[in-house]
Amino acid sequence: MDELPYTEIEHTADWALEVRGGSLADLLVHAAEGMLDLMGAETAPGPSRTLHLHVQAADAEALLVAWLEEILVRMELAPVTFSDFQVRVADSTELEAELREGVRGDLEKMIKAVTFHDLRVEHGPSGWKTVVVFDV
Amino acid sequence: MRPGEGRRIRVQDFRRLGPVLWELPATHRSDMLVPVRLFADEPLLEDALGDKSLDQAVNAACLPGLVSHITVMPDVHQGYGFPIGGVAASRVSDGVVSPGAIGYDINCGVRLLASRIPAEAAAPHLADLASSLYAHCPSGVGVKGSLPLSKKELEQVCREGAVWVERNGYATLDDLERTEEGGRMPGADVAAVSARAMDRGRGQLGTLGAGNHFIEVDRVEAVFDAAAARAMGLETGMLALQIHCGSRGFGHQVCSDYVRDFQGTLAGYGIRLPDRELVCAPVKSPDGQRYLAAMACAANFAFANRQLLAHHVRQAFEETLRGRVAHTELTQVYDIAHNMGKIEDHSVGGVREHVCVHRKGATRAFGPGFEGLPEEYKLHGQPVLVPGSMGTASWVLLGTAGSMELAFGSTCHGAGRVMSRAQAKREIRGDRLREELETRGIHVRAGSLPGLAEEAPQAYKDVDSVVEVVTQAGIARKVARLVPLAVVKG
């Protein structure tokens with residue numbers, strides 16, 4: 001089995017997730033998948049639809065926060081969850097996403113907020129990497 | 001050390017100012033503007049050094065316009081940006097307000113209700129009571145409240161807080177009297193709140209949420225100050241009830257909005273910080289004032305939320321215990337915030353300072369004589385409510401003259417975590433923990449077993465040790481110790 005592109009790392013009070021990707025778009029997809037995994041979000045049988053999102057922010061870190069917050073808020077306002085993420089990034093300040101919105105089954109725990117704490121989206125020879133801390 | 005890149009903090013970096021007071025000097029790192037002072041005994045100091053909480057306190061010491069020092073409580077643990085268990089006072093004249101130093105769950109706090117129900121008489125009915133509380137108080141993820149609000153009603157809640165709940169018949173005037181700020185934080189302006197925050201708030205009034213939030217039925221195990229306990233309605237052997245929750249998605253969104261917006265405005269104020277989560281704006285600037293107005297709306301939402309939950313709790317007690325015990329009434333002891341920014345006056349080194357006090361995981365603890373207290377509490381000081389970890393004790397304390405002198409009128413807020421959530425999930429099974437608590441006679445109703453595991457008592461410090469430190473330091477005084485009988489968690 002392939003290694004997951006995200007890893008939960010130790011944090012005393014909250015949740016922290018290390019995320020990796022071959023591109024910034026990959027990183028954004030893996031961050032969303034990792035966040036849903038942390039929350040224990042499961043899709044239930046039922047209708048689904050494709051959703052198109054456009055997110056803008058001042059820089060790559062703010063884009064990551066805004067993207068994940070967009071997903072969280074939609075999950076809080078309705079009993080839905082998301083899968084099949086496809087993200088296109090024009091530059092590090094804007095993304096276009098296509099994702100599948102389905103009926104939510106189990107959800108172990110909700111995240112209060114995505115934080116900027118020590119947040120750096122880094123690009124090196126082995127790809128893109130970040131550690132994002134969630135307030136829970 | 002370069003700004004933001006200090007070496008690992010060690011015990012020998014501290015100066016000991018007293019038996020339980022330590023100072024990390026402002027020379028520890030070049031960008032610190034004030035020292036960090038920590039209340040702790042040796043074991044709690046070691047605990048604090050075990051994660052990044054003190055590095056976060058050092059980062060907070062870089063905020064402009066701070067008065068005197070950053071205060072760190074013995075229940076400190078690593079948070080995001082600002083440590084949980086931290087207090088910072090910034091001058092209104094030239095200081096800043098930092099949304100991240102108050103937290104996403106604005107006015108997360110605790111309410112304590114007292115009863116004249118003997119725990120022995122209630123014992124056969126506690127399982128039913130736990131189930132009734134779980135049924136009456138919506139908890140868990142994505143759960144809607146019993147009182148969905150129109151936009152206009154939510155705007156009223158933002159302005160009036162718990163007063164709105166009383167006007168609508170779900171509270172008593174005594175409840176309001178025994179709530180910080182009378183349950184209504186001044187300065188609220190709905191125009192400073194985003195449409196998204198309003199959307200998130202409309203369905204969530206009267207909900208507990210998940211995470212470390214809970215409703216707990218306790219027995220008053222011991223009283224340490226009979227006169228103060230009498231004024232609060234607390235009596236040994238009687239039931240009491242705690243509600244711990246905050247401003248829900250409404251408050252989370254308010255904080256998220258301003259942490260995001262201040263990323264873009266920080267440079268314009270010429271401020272550089274070691275962590276983006278600490279972004280801030282001058283208190284007196286339009287940006288700072290707008291955040292404080294929005295924060296007040298969220299604080300009022302939280303006061304209203306705990307008030308409506310108290311109404312549901314009273315319904316559960318009435319339905320379950322009527323005819324089974326002599327008295328089912330629950331009277332309010334106090335309701336107090338532990339994530340809040342407040343404009344206050346404090347005397348520092350003999351100088352009166354007008355400051356914005358950031359308390360994140362710290363409780364206001366004003367001493368005797370404070371004018372904002374109900375008459376019956378003025379002689380004693382402000383009640384402070386310190387919930388322990390699940391399955392362990394909680395404490396009722398009083399603010400003191402010492403808390404005013406040493407900690408900007410603040411004290412601890414809980415036990416404080418020592419184990420990461422990831423480790424707790426690895427090592428503790430929620431179903432076994434529930435069984436263990438039930439074996440000890442504590443009835444548990446929980447929406448999420450993994451969530452229960454993360455909140456296991458082993459993941460927290462010993463609340464009794466924390467309380468010993470704050471009382472030894474003179475920043476609080478003991479009134480009563482409570483032990484749990486039933487816990488409801490989301």
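I started with strand 7 (residues 109-118) of chain B, which runs antiparallel to strand 11 of chain B and is joined to strand 11 by seven bridges. Two strands count as paired if DSSP finds at least two bridges between them. Helices (H or I, at least four residues) and strands (E, at least two) are DSSP runs, numbered from the N terminus. Which residue of strand 11 is the bridge partner of B:Val110? I found B:Ile336 there.

Strand 11 spans residues 330-337 of chain B, and seven of its eight residues are buried. I call a residue buried if 20 or more other C-beta atoms lie within 10 Å of its own, exposed if 12 or fewer, and partly exposed in between, with C-beta atoms placed from the backbone.

A note on the source: this is a predicted model, so local features need pLDDT of at least 70 and side-chain atom pairs count only at pLDDT 80 or more, while totals for chains, interfaces and linings use all residues. Residues are numbered from 1 along each chain as its sequence is written, and chains are lettered from A and ligands numbered from 1 in the order in which they are written.

I checked confidence next. Chain B averages a pLDDT of 95 (the predictor's confidence in each residue, from 0 to 100), with 99% of the residues at 70 or above. The model has ipTM 0.96 and pTM 0.97.

Then I went to helix 11 of chain B, residues 286-321. Its 36 residues reach 52 Å from first C-alpha to last, close to the 52 Å expected at 1.5 Å a residue; the expected span is 1.5 Å times one less than the number of residues. I found 28 of the 36 residues of helix 11 buried. B:Gly323 follows helix 11 and has a positive phi, near 85°.

For chain B overall, I have 17 helices and 19 strands. Its radius of gyration (over C-alpha atoms) is 21 Å, close to the 23 Å that the globule rule gives for 490 residues, so chain B is as compact as a globular protein of that length. The rule is 2.2 Å times the number of residues to the power 0.38. Buried residues make up 63% of chain B.

Last, the contact: 35 residues come from chain B and 30 residues from chain A. Two residues are in contact if their C-beta atoms, placed from the backbone, lie within 7 Å. Helix 10 of chain B gives the most to the side of chain B that touches chain A, with eight residues.
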